[in-house]
Amino acid sequence: MGPRGSALICGYTNYHRLLESALADLKKKEDCLLCPTGFAANMALITAVGSVGLLLAEGGKPKRDERVAIFSDALNHASIIDGIRLAEKQGSLVNIVYRHCDMVHLNSLLSSCTMKKKVVVTDSLFSMDGDFAPIVELVKLRRKHGFLLAIDDAHATLVCGKTGGGAAEKFKCENDVDICIGTLSKASGCHGGFIACSKKWKQLIQSRGRSFIFSTSTPVPIAAAAHAAVNVAKQETWRRKAIWNRVLEFRAMTRIPITSPIISLIVGSEVKALEASRHLLKSGFHVTAIRPPTVPSNSCRLRIALSAVHTRDDLRKLVTALSECINFEEIGFNCKNYSSKL
């Protein structure tokens, strides 16, 4: 299968470089760093961010004004949260959580922060709610406050934008997003993670991102398959058109105001979610019940992921099966008032 060690020792091949180059081009960034998983990619980036204060310190813990302030959306992925927790242990990073997609709250927190080095990190398309981060508003705040903007583009990569570049391409602000993290296990259909960034940031993560440094590299066949997937997705634009047609059709059939292929139907209790999931499975649909600790209590949900291979007839049958186990008028659709429990 290929490498038997980390990328820095013996696990880096021409196949890995081809994939990194393709992803850097896709994300309109100088370079890209492959990681064993998307989780490891976020961990490597956040711990590298935390190391900036340590690098500037003369010895021991950094002074107060040398620390890095990282602003994190309340519903960010667990890998971002765990990366922040780990970096906090170093004493070089201060974690500040802002309410989900609340730019007024974020602006207030940024304005009151006295630390010079600021980073804002957010999912671009939230995996458990299916809503987009307000990228355009984030870019405006970036210009105002001068922070580094990092987005986890796991669910938008190859799905959003004319060429599949993701949420930043969709909202026409690729040059204003400094770092883009992603996974190769969603639309690419493979395995692994990546960080698209500048050459300097790549060098820093390579030397300070422990989840990258000490993990076995991606197997060669996986890297080659992911490279092929990226090329196919860029060339066969009908795939993106198909998936977004399914989004429009589902919205028309149910009148639920979904904005992405991730459809999160909040039913409340675990019992209701599990019963509905079992009913759908008997009807021929694999729709998983999402429960705590992945989501907060009493916000259990059915999470539907549309793809380009689904047909309009598939959606009609799905909607019929859903209507037999849930009431579309009674379900919730987003979790903007919830706080992360992870």
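A residue is called buried when its relative accessible area is under 20%, exposed when over 50%, and partly exposed in between, using a 1.4 Å probe and protein chains only. By that criterion, 55% of the 342 residues of the chain count as buried. The model is a predicted one, in which local features need pLDDT of at least 70 and side-chain atom pairs count only at pLDDT 80 or more, while totals for chains, interfaces and linings use all residues. Residues are numbered from 1 along each chain as its sequence is written, and side-chain values use heavy atoms, with hydrogens and water left out.

The overall architecture comes first. Twelve helices and ten strands make up the secondary structure of the chain; helices (H or I, at least four residues) and strands (E, at least two) are DSSP runs, numbered from the N terminus. The radius of gyration is 20 Å, close to the 20 Å that the globule rule gives for 342 residues, so the chain is as compact as a globular protein of that length. Here the radius is taken over C-alpha atoms, and the rule is 2.2 Å times the number of residues to the power 0.38. Along the principal axes, the C-alpha atoms fill a box of roughly 65 × 45 × 35 Å. Among contacts (heavy atoms within 4.5 Å) between residues at least 6 apart in sequence, 75% join residues at least 24 apart.

The chain is divided into domain 1 (14-235) and domain 2 (237-340), with bounds that come from an automatic or database domain assignment. Taken over C-alpha atoms, the centres of domain 1 and domain 2 are separated by 27 Å. Across the boundary, 25 residues of domain 1 are in contact with 22 residues of domain 2.

Turning to the sheets, seven strands form an open sheet with mixed pairing, in the order E1-E7-E6-E5-E4-E2-E3. Strands E1 (31-35) and E3 (93-98) stand at its edges with a single partner strand each, so one side of each is left without a neighbour in the sheet. From one strand to the next, the twist averages 20°. Two strands pair if DSSP finds at least two bridges between them; E1 and strand E7 (residues 193-197) run antiparallel and are joined by five. Within this pair, Leu33 stands opposite Ile195 in E7. Helix H7 (residues 199-208) packs on the sheet, touching E1, strand E5 (148-152), strand E6 (179-183) and E7, and its direction makes about 25° with that of E1. Helix H1 (residues 14-26) lies across E1 and E7 and runs at about 125° to E1. For such angles, axes are lines fitted to C-alpha atoms, for helices over the stretch in contact, and values run from 0 to 180 degrees between N-to-C directions.

A second open sheet has three strands in the order E8-E10-E9, with antiparallel pairing. Its edges are strand E8 (262-268) and strand E9 (288-290), each with a single partner strand, so one side of each is left without a neighbour in the sheet. The twist here averages 30° from one strand to the next. E8 pairs with E10 over six bridges, and Ile263 stands opposite Ile304 in E10. E8 is mostly covered, with seven of its seven residues buried. Three bridges join E9 to strand E10 (residues 300-305), where Ile290 stands opposite Arg301. The loop between E9 and E10 holds Pro293, and a cis peptide bond with omega of about 10° joins Pro292 and Pro293.

Several other loop residues deserve a look. Lys28, in the loop between H1 and E1, has a positive phi of about 55° although it is not a glycine; at 46% relative accessibility, Lys28 counts as partly exposed. With a relative accessible area of 15%, Cys101 is buried. Cys173 is found in the loop between helix H6 (167-170) and E6 and counts as buried at 6% relative accessibility. Beyond its neighbours within four places in sequence, Cys173 is in contact with Ile135, Val139 and Ala168. Cys173 and Ser185 are twelve residues apart in sequence and 25 Å apart in space, C-alpha to C-alpha.
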